[in-house]
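Hi,

Here is the structure I promised to pass on.

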Amino acid sequence: SKLVALNWGSVKSPIPGEETTVVANQLRRWATQLGELTVTDDPLDPVATVALVNVDTDEILRSAVQSFDTGGARRRAVKDLVVAGLGQYVPDGLDGEVGVTWRGTERRVNVGFGNLRDPNDLADSTLKSTPTRPKVLIDFPFDEPGYGPDADLERLDTFRAANEPTPTVCWLPSFLTEDGQKQLRNFVALDMLLTGERFDQHTSHLSESQRREAKPLLTEQRNQLRSQLTDAVRAAYGVIGDHPYVDSTRSLSDHFVSLDSGMTVRPTTAPTFEGAFEQLYDQLYSSVYPGHPKLGDKKISRGNRQTALAELMRALGDGEGRVVVDSPKRAMTKSIAEALELGTLAESNLVINKTWYQRLERHLNAAAEEGRSLNVGDMRGLIEAETGGPRGMPAEIADLIVVIVAAQADHSFVHA
């Protein structure tokens, strides 16, 4: 705020009163380039400090870039920033499966990183997936000279024209500016330099006192770079708005490309990678299994299923098909019974219904007339084949319907 006061009238803000934020953001950008400048994290009135040192930290950085910066290292750095933002959804080995909860059930999503433009990096076979293992492929916000996001889109168009639809979504970022890529190279170099014993080895030409002065400054510069690049990467992938490190001339308005022409991926609205990924996998599975019952955001446990089934069986045993459900059991019983169309719960009264019995009655009658018995596997298949699918219900969920229909039909079923 003191800097704003000293420069009153020369600091312009699109929103009146936000001049301190404008100055703080500029100082933080400078801090990524000047190791001697540090800026505190105070969001309201940060403090900027300039250290006077007897060592050329810029020369140390230039040497580190020459020694440690590679294309592979930059890709790993971006991947690490994205994965850090994914929170609980960290793929196994950074390229692999992620466990998620979708509509009350456990699912898996394959997550991979690579250059979608280059079939040598991500082959056509890697772009393919299955309904039980949909896939999210994440590209990088830079490429070799001469290539931009349009080259990624061209490769994906070619793939879709030559292959059957597959439940894969490609997450394409806008590209970083030249300055953004420079700062990424600096971050990679500093992060490598400050790991293990590399700093002492790389600065052996400096005196002990010079190394003591330089290391904390370079560490702070690395931290400022990480902070700026974290926001830049979120902006590049469309998670937040614009950032100075993102090239507006090579930006994308739509960051998601589905390899299933029947699936349209809506832009995500969450301001974090974790939230954006949740919205993305929800759209993936909702497209693959549109008829799956909406059982809530939390996993339906075995105990939850047993509670709901016990209450539904009580209602079935009542002459009017109606029972009062105790308060602790109401929310879960209502969620499962109504989502599966097995009953309705208003206030405290659970009323059984015959929706699924009526849908499957013709199959039960046909089997009886032909002298056939239907096992549990048969019933699961009939449920999946009913209008409104595919449902993709796990066996333990579908079996709740099987048990209730069996009781309503006075049948018993044999597990396949």
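Below is what turned up, starting with the whole chain and then going into the details.

A word on the ground rules: this is a predicted model, so local features need pLDDT of at least 70 and side-chain atom pairs count only at pLDDT 80 or more, while totals for chains, interfaces and linings use all residues. Residues are numbered from 1 along each chain as its sequence is written, and side-chain values use heavy atoms, with hydrogens and water left out.

The overall picture: the protein has 15 helices and 10 strands (DSSP runs numbered from the N terminus, helices being H or I with at least four residues and strands E with at least two). Of its 416 residues, 46% are buried, meaning under 20% relative accessible area, with exposed over 50% and partly exposed in between (1.4 Å probe, protein chains only). Among contacts (heavy atoms within 4.5 Å) with a separation of 6 or more, 68% are between residues 24 or more positions apart.

Now for a helix pair. The axes of α13 (residues 355-369) and α15 (residues 395-409) come within 10 Å and cross at roughly 70°; axes are lines fitted to C-alpha atoms over the stretch in contact, with angles from 0 to 180 degrees between N-to-C directions. That makes α13 roughly perpendicular to α15 (65 to 115 degrees; under 35 is roughly parallel, over 145 roughly antiparallel and the rest oblique). From α13, the contact uses Trp356, Tyr357, Leu360 and Leu364, and from α15 it uses Ile401, Val405, Gln408 and Ala409. Seven of these residues are nonpolar, one is polar and none is charged (nonpolar being Ala, Val, Leu, Ile, Met, Phe, Trp, Tyr, Cys and Pro; charged Asp, Glu, Lys and Arg; polar the others, Gly among them).

On to the backbone. Most residues other than glycine have a negative phi, and most peptide bonds are trans. Here are some exceptions:

- Gly389 and Pro390 are joined by a cis peptide bond, with omega about -5°; Pro390 sits in the loop between α14 (376-385) and α15.
- Arg103 has a positive phi, near 50°. Its place is the loop between β3 (96-102) and β4 (105-113), and at 13% relative accessibility Arg103 counts as buried.
- Glu341 also has a positive phi, near 60°, in the loop between α12 (327-339) and β9 (343-346). Glu341 counts as partly exposed, at 31% relative accessibility.

Cheers
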